[in-house]
Amino acid sequence: MEKNFVRVRSVKDIAVFVSLIVLGGILVALPVGTGINIAGGSLVVLGLVLALILKSGYKDADTDEGYFKKEHFFQQEMKNPLLSVIPTMPEVIELSEEDKGNAVRLDVYYNQQTGKAYIQLFEFVPYEYKPCSDMLEYELYEVKKLIR
């Protein structure tokens, strides 16, 4: 299965930068003092910069459904055990071995509304992560343990 997820602005991202811009605008407009006006101007600039760079959501390029992403990192020794359990039983993946290395990355894309989740395993080959498994689709309840 070939899935393509693209980074997009989530509702939370939009709320953050709009709040900063509005709060900064209010502080700039208040006639209280130069320091407050400078702080307000700084918040406006920060909000504008975040509007340009902040993208924490993901969207399926084919269906335009929104997804969240969770990454888990493992040692190289975990590659084969993970490859053997991902296609059949993702609920038995042992997260106690997580964060002991970063040679293998497990990406989980999930959508609470549709109840869909996608899992793919990547291996670090110098300078980039290369996929070493196909993108597999699951129901959200099957991967609940992986998105906590």
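Q: Lining residues of a pocket are those with an atom within 4 Å of one of its grid points. In this predicted model, which residues of the lining of the second largest pocket lie nearest its centre?
A: Let's start with the space itself, about 160 Å³ in the second largest pocket. Its lining divides into 5 nonpolar, 2 polar and 3 charged residues. There are 10 lining residues, and those nearest the centre are Glu2, Lys3, Gln120, Phe122 and Met135.

Q: How many bridges join strand β4 to β5?
A: These two strands form a hairpin with 4 residues between them, and Gly115 in the turn has a positive phi of about 75°. One place to look is Asn111, which stands opposite Lys116 in β5. The strands run antiparallel, and the number of bridges joining β4 (residues 104–111) to β5 is 8.

Q: Which residue in β6 is the bridge partner of Phe122?
A: β5 and strand β6 (residues 128–131) run antiparallel and are joined by 4 bridges. Their hairpin has 2 residues between the strands, and Tyr127 takes a positive phi near 80° there. Across from Phe122, the partner in β6 is Pro131.

Q: Which residue in β7 is the bridge partner of Ile119?
A: Strand β7 spans residues 136–139 and runs antiparallel to β5, with 4 bridges between the two. For Ile119, the partner in β7 is Leu136.

Q: Which side chain is joined to that of Glu71 by a polar contact of 3.0 Å?
A: Polar contacts are counted when N or O atoms lie within 3.5 Å. At 3.0 Å, the contact from the side chain of Glu71 meets that criterion, and its partner is the side chain of Lys69.

Q: What is the volume of the largest pocket?
A: β2 (57–60), β3 and β4 each supply at least two residues of its lining. By class, that lining holds 6 nonpolar, 6 polar and 2 charged residues. The volume of the largest pocket is about 190 Å³.

Technical notes
Residues numbered from 1 in each chain as written. Predicted model: local features only at pLDDT ≥ 70, side-chain atom pairs only at ≥ 80, totals over all residues. Heavy atoms only, no water. Pairing = 2+ DSSP bridges. Polar contact = N/O pair within 3.5 Å; in protein donor to acceptor, adjacent residues only side chain to side chain. 1 Å grid on protein atoms, 1.4 Å probe; cavity = no way out; pocket = protein on both sides within 12 Å on 5 of 7 lines; lining within 4 Å. Points joined across faces, edges and corners; volume = space filled by probe spheres on them. Nonpolar A, V, L, I, M, F, W, Y, C, P; charged D, E, K, R; others polar.
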